[in-house]
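Biologist: I have a model open and want to learn to read it. Can we go through burial, contacts and ring pairs?

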Amino acid sequence: MSDAPQNAAATESYSYLGPRGTFTEAALAQVPDARGKIWRSVNNVGEALDDVVTGRSVAAMIAIENSIEGGVNATQDALANIPNLRIVGEYLVKVQFVLVARPGTTLADVKVVNAHPVAYTQCHHWLDANLPSHGHIPATSNVAAAASLFENDLADAAVAPPGIVDHYDLDVLAENIGDNDNAVTRFVLVSKTTAIPPRTGADKTSLIVELPDDRAGALLELLEQFSTRGVNMSLLESRPIGDALGRYRFVIDADGHILDERVADSLLGVRRFSPKVIFLGSYPRADKAPIEYIPRYDDDVFIEARDWLRAVISGEPDAS
């Protein structure tokens, strides 16, 4: 049963972290192919990706990075451990929060606040200033925090998205309680497809890479695979592999598309260097900002260099 608009002919499902009204649903609403299809509300990232793996859904929308908190660990770890998944698109959602409560509640009545841990962290300055002695109960999602107010009386208020009042009969006690007005969450649409979206000139390539060993200079060698080819990394985060202390994998977003010569050459270098590389996909950037790079790393430069090498090997005259 869908919890979003659909038509009778809809046969494809898309999974998202629910219930309705979450930032994840707002991200999914940006996907043209998802319109009129079945939207499956799930409880966590693992369930969303399991829907994709088992074929219950053609794709899942999941949060991967926040401009305030950085990478979403649960998503990064899931993508590292569940094989054959690809990112086919990214979407940005501006993050704003309100404090809501059951009708009749005042701010002075609030002693305990229900909030998703990430949302709570992003609002803690406001909460500490206005509710200095409050307690916190973690929720599985921002909407679930609000819904819990009708399920029990453990919390007096909840941190939730502004649109929550469209779905629940709640009073807004305070608006814009987030600590940063510029907070944005980056979401990715994940599928099992191996088809790579065509390059647009405003693309991103995502990888997960393991270091070959724990030694001085290993991380530098990894970074050099990109820097020596003029490829900027817009994200570099470490996550423990879990098999021993000091063993880490790195989540990387590189500016550009795998069909860009400089990016392709970087990936070849990474593959020679690392014992395990997970290619998560090349896809258009949500902000559509063209990738800037130094002209000496243009495709033609790489192609000319390969042609020169082939000519030298084959003994063509004047090749040297």
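Biologist: Is alanine 101 buried or exposed?

Modeller: One point to begin with: this is a predicted model. Buried means under 20% relative accessible area. Alanine 101 has 0% relative accessibility, so it counts as buried.

Biologist: Where is alanine 101 found?

Modeller: Alanine 101 is found in strand 6, which covers residues 98–101.

Biologist: Which residues does alanine 101 touch, leaving out those up to four places away in sequence?

Modeller: Alanine 101 touches Leu149, Asp156, Ala157, Leu170, Asp171 and Leu173. Distance along the chain is another thing to read. Alanine 101 and aspartate 169 are 68 residues apart in sequence, yet their C-alpha atoms are 9.0 Å apart in space.

Biologist: Now the rings. How many aromatic pairs are there?

Modeller: The count is three aromatic pairs. One of them joins tyrosine 16 and tryptophan 39. Planes over 60 degrees apart count as edge-to-face. Here the planes make 70°, with 6.3 Å centre to centre, and the pair is edge-to-face.

Biologist: Which parts does the pair of tyrosine 16 and tryptophan 39 tie together?

Modeller: Tyrosine 16 lies in strand 1 (residues 13–17) and tryptophan 39 in strand 2 (residues 38–42), so the pair ties together parts 23 residues apart in sequence. Both tyrosine 16 and tryptophan 39 are buried.

Biologist: What about phenylalanine 150 and tyrosine 168: how far apart are their ring centres?

Modeller: Their centres are 6.1 Å apart. Planes under 30 degrees apart count as stacked. The planes of phenylalanine 150 and tyrosine 168 are at 15°, so this pair is stacked. Phenylalanine 150 lies in the loop between helix 5 (142–147) and strand 9 (157–160). Tyrosine 168 lies in the loop between strand 9 and strand 10 (171–174). The pair therefore ties together parts 18 residues apart in sequence.

Biologist: What is the relative accessible area of phenylalanine 150, and what is the relative accessibility of tyrosine 168?

Modeller: Phenylalanine 150 has 44% and is partly exposed. Tyrosine 168 has 24%, so it also counts as partly exposed.

Biologist: Last one. Where does the charged end of arginine 262 sit?

Modeller: The charged end sits over the ring of tyrosine 293, 3.7 Å from the ring centre. Arginine 262 belongs to helix 7 (residues 261–273). At a relative accessible area of 4%, arginine 262 is buried. Beyond four places in sequence, arginine 262 touches residues including Arg229, Tyr297, Asp299 and Phe302.

Key. Residues numbered from 1 in each chain as written. Predicted model: local features only at pLDDT ≥ 70, side-chain atom pairs only at ≥ 80, totals over all residues. Heavy atoms only, no water. Helix = DSSP H or I, 4+ residues; strand = E, 2+ residues; numbered from the N terminus. Buried < 20%, exposed > 50% of the residue type's maximum accessible area, 1.4 Å probe, protein only. Contact = heavy atoms within 4.5 Å. Phe/Tyr/Trp six-rings, centres within 6.5 Å; stacked < 30°, edge-to-face > 60°. Lys NZ or Arg CZ within 6 Å of the ring centre and 35° of its normal.
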